[in-house]
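Biologist: I am new to protein structures, and I would like to learn how to read one. Could we go through it together?

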Amino acid sequence: MDAAGEELPFEDLTDFENADRGFIAALVPGVVRDAEGRVVHDADAYAFLAEDCPPTAHPSLWRQARLCARQGLYEVTEGVYQVRGLDLSNMTLVEGREGVVVIDPLISAECAAAALALYREHRGPRRVTGLVYTHSHVDHFGGARGVLPHHSDSGVPVLAPTGFLEHAVSENVFAGNAMLRRAVFMHGARLPAGPRDQIGTGLGTTTSTGTVTLIAPNVDVTRTGQEETVDGVRFVFQLTPGTEAPAEMNFLLRDQRALCVAENASHTLHNVLTLRGAPVRDARVWARYLDETVDLFADTYDVAFASHNWPTWGRENIVRFLGEQRDLYAYLHDQTLRLLNNGLTGPEIAEELRLPPALERSWHARGYYGSLSHNVKAVYQRYMGWYDGNPAHLWEHPPTELAIRYVELAGGPTEALVKARAYADNGDLRFAATLLNHLVFADPSDSAARETLSGIYERLGHGAENGTWRNYYLTAALELRRGTADTDIDTAGSELTSALTVSMLLDSLAVRVDGPRAWHDHLTLDLVVTDEQRRHRVNLHHGALTHRGMPVHHVPKPHAGLTLTLTRPELRAVLEGRGLAGIETDGDPALLDRLLSYATEPDRAFPVVTP
């Protein structure tokens, strides 16, 4: 453990008291299954965390994992309840005049349904009278159909911050395959729960693998200070775009004196850039919105709860918590900028920068989910991009070619392996991993190099305080030994893709076009979308698919080789390759087949730790 870790206040049990406060009952057994009986979430698998910390885990991360593994129904304050531990995130329920308003219905419909059933078992069969999404990440909307099945959603208000739908669906479609592949590493989806393997993510236990759904919002929150009443529950909203999510909001439950801080303030340092990949978040804006939260709601709350982890009670405690979270992101941002303006690069800043001692000793500021190291590099990336200014790094060889040369420089594979093991024996696991990675990329069939690198990754994982780093290292070790595997998780389900606009549908096709194969083709289509009364001109030229919308009666020149008149759902079906049956066509239908022939399917199990 590092020096800061040795000074952590393990004797302070406040978090454990707060995590247990208001406990009503657990789901027994704590296993959620889908309609076919497949386990989509197993909270009971984390029972081992009741034991003392083993040598295969960082004591600080073990403590956090224990807190995150608590499962069941909890009372936050009168009329406000949370179900925790039945997915990566929390589901909050606020009792209204006639039913219950659900906030953030988890990742999958099966887990959300189980959470609602647990609530109803102890609070009565209240119907769902409202749904609120705090932000646009899938763990806060994917279970919507578990609380509002198709037959019961009519007339129910569904509230979300402005821009929610666009960001919710685009994140899971445009770069969704690559993000999902890396999320398998980040969350440890292939790892069994256990003291040598997956013990959590630092933000929760793990992601469920059930059915991802989406009910489109019908009430947009467009401004800070906006008030809405749902089933007698009075909300006052604060928009916080560009913080933890592109579309996010905090809110006050006025009558319950309860403040929801969404995912803007959790009991961990969060991600400025997640290991799975995402647009870089703005730590400066994040800090400013937290400062606004403290001032905006002033003396109107007695408890603060969030989309993950456990609540904080008492205004003084809440103000201190929010203030420290604010200072955490502000310090990280400003000091990174100070040092980059002195000429340091991202990796150099990550090695030099440390938090103020008071923040280092604050449990909620520890890097269990985000880390100081990769967040500093993210801030650098936001302002400076991938290039560090050194021309030696401007045009380096790609990883495999670079690896071959490094292995040659080290004296060949045998000598490189001996040297890597020597670095590991001397405690320099970081460089041992670097050298062994070159060996594996130079020759993926080198079983000795693969096995040695696996062992190094295991040691790095077992020593990591950050949950996502641990999962990444241990999943890498697993894949070096067993190879890659497809994932059961599918965030691009039918309800997500059905929410795509015509423009987004065409963008999702454009990023799948095999450009080189289409270099020499040129075709033009018009799409007359009747339910939107818009025409979309689509061009494939020089391997690039471009499109633009216009009034339906405007016919641009030159005339399209094919015009399709159809609805948006029909367009989605056509782009999925279901044919033109029932679609009005004018021109050569073969043009559509030509266009779709260039579309590729992404590899859901592409290699990450090998070439």
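This is a predicted model: local features need pLDDT of at least 70, side-chain atom pairs count only at pLDDT 80 or more; totals for chains, interfaces and linings use all residues.

Biologist: Let's begin with helices. How do I describe two that pack together?

Modeller: Two packed helices are described by the angle between their axes and the distance between the axes.

Biologist: Which residues of α16 and α17 make the contact?

Modeller: On the α16 side they include Leu453, Tyr457 and Leu460, along with Arg450 and Glu458. On the α17 side, Tyr473, Leu474, Ala477 and Arg481 are among them. Sorted by class, the residues of this contact of α16 with α17 are eight nonpolar, four polar and six charged.

Biologist: Now for sheets. In what order do the eight strands of the open sheet lie?

Modeller: Reading across, the order is β1-β4-β5-β6-β7-β8-β9-β10, and the pairing is mixed. β1 and β10 (219-221) stand at the edges with a single partner strand each, so one side of each has no neighbour in the sheet. From one strand to the next, the twist averages 25°.

Biologist: How do β1 and β4 pair?

Modeller: β1 and strand β4 (residues 72-77) are antiparallel, paired over two bridges. To see one, find Phe23, whose bridge partner in β4 is Tyr74.

Biologist: Which strands does α4 lie across?

Modeller: Helix α4 lies across β1, β4, β5 (80-84), β6 (91-95), β7 and β8 (128-132), and runs at about 40° to β6.

Biologist: And the five-stranded open sheet: what is the strand order there?

Modeller: In that one the order is β19-β18-β17-β20-β21, again with mixed pairing. β19 (544-551) and β21 (584-587) are the edge strands, each pairing on one side only. Here the twist averages 15° from one strand to the next. Strand β18 (residues 534-541) and β19 run antiparallel and are joined by eight bridges. For example, Asn539 has Thr546 in β19 as its bridge partner.

Biologist: Which strands does α19 touch?

Modeller: Helix α19 (residues 502-510) packs on this sheet and touches β17 (522-529), β18 and β19, with its direction at about 170° to that of β19. Helix α20 (residues 568-575) lies across β17 and β20 (562-566), at about 130° to β20.

Biologist: Next, aromatic rings. How do I read a pair?

Modeller: A pair of aromatic rings is described by the distance of the centres and the angle of the planes. In this model the count comes to 17 aromatic pairs. One of them joins Phe185 and Tyr472, with 5.0 Å from centre to centre and 35° between the planes, a tilted pair. This pair links distant parts of the chain: Phe185 sits in helix α7 (residues 176-187) and Tyr472 in helix α17, 287 residues apart.

Biologist: Last, the backbone. Is the peptide bond from Val28 to Pro29 cis or trans, and where does Pro29 lie?

Modeller: That bond is cis, with omega near -10°. Pro29 lies in the loop between β1 (23-25) and β2 (31-33). The bond from Lys557 to Pro558 is also cis, with omega near -5°, and Pro558 lies in the loop between β19 and β20.

Biologist: What is the phi of Leu106?

Modeller: Phi of Leu106 is near 65°, a positive value in a residue other than glycine. You will find Leu106 in the loop between β7 (100-103) and α4 (109-123).

Key
Residues are numbered from 1 along each chain as its sequence is written. Side-chain values use heavy atoms; hydrogens and water are left out. Contact means heavy atoms within 4.5 Å. Helices (H or I, at least four residues) and strands (E, at least two) are DSSP runs, numbered from the N terminus. Ala, Val, Leu, Ile, Met, Phe, Trp, Tyr, Cys and Pro count as nonpolar, Asp, Glu, Lys and Arg as charged, and the others, Gly among them, as polar. Two strands pair if DSSP finds at least two bridges between them. Axes are lines fitted to C-alpha atoms, for helices over the stretch in contact, and angles run from 0 to 180 degrees between N-to-C directions. Rings of Phe, Tyr and Trp (its six-membered ring) pair if their centres lie within 6.5 Å; planes under 30 degrees apart count as stacked, over 60 as edge-to-face and the rest as tilted.
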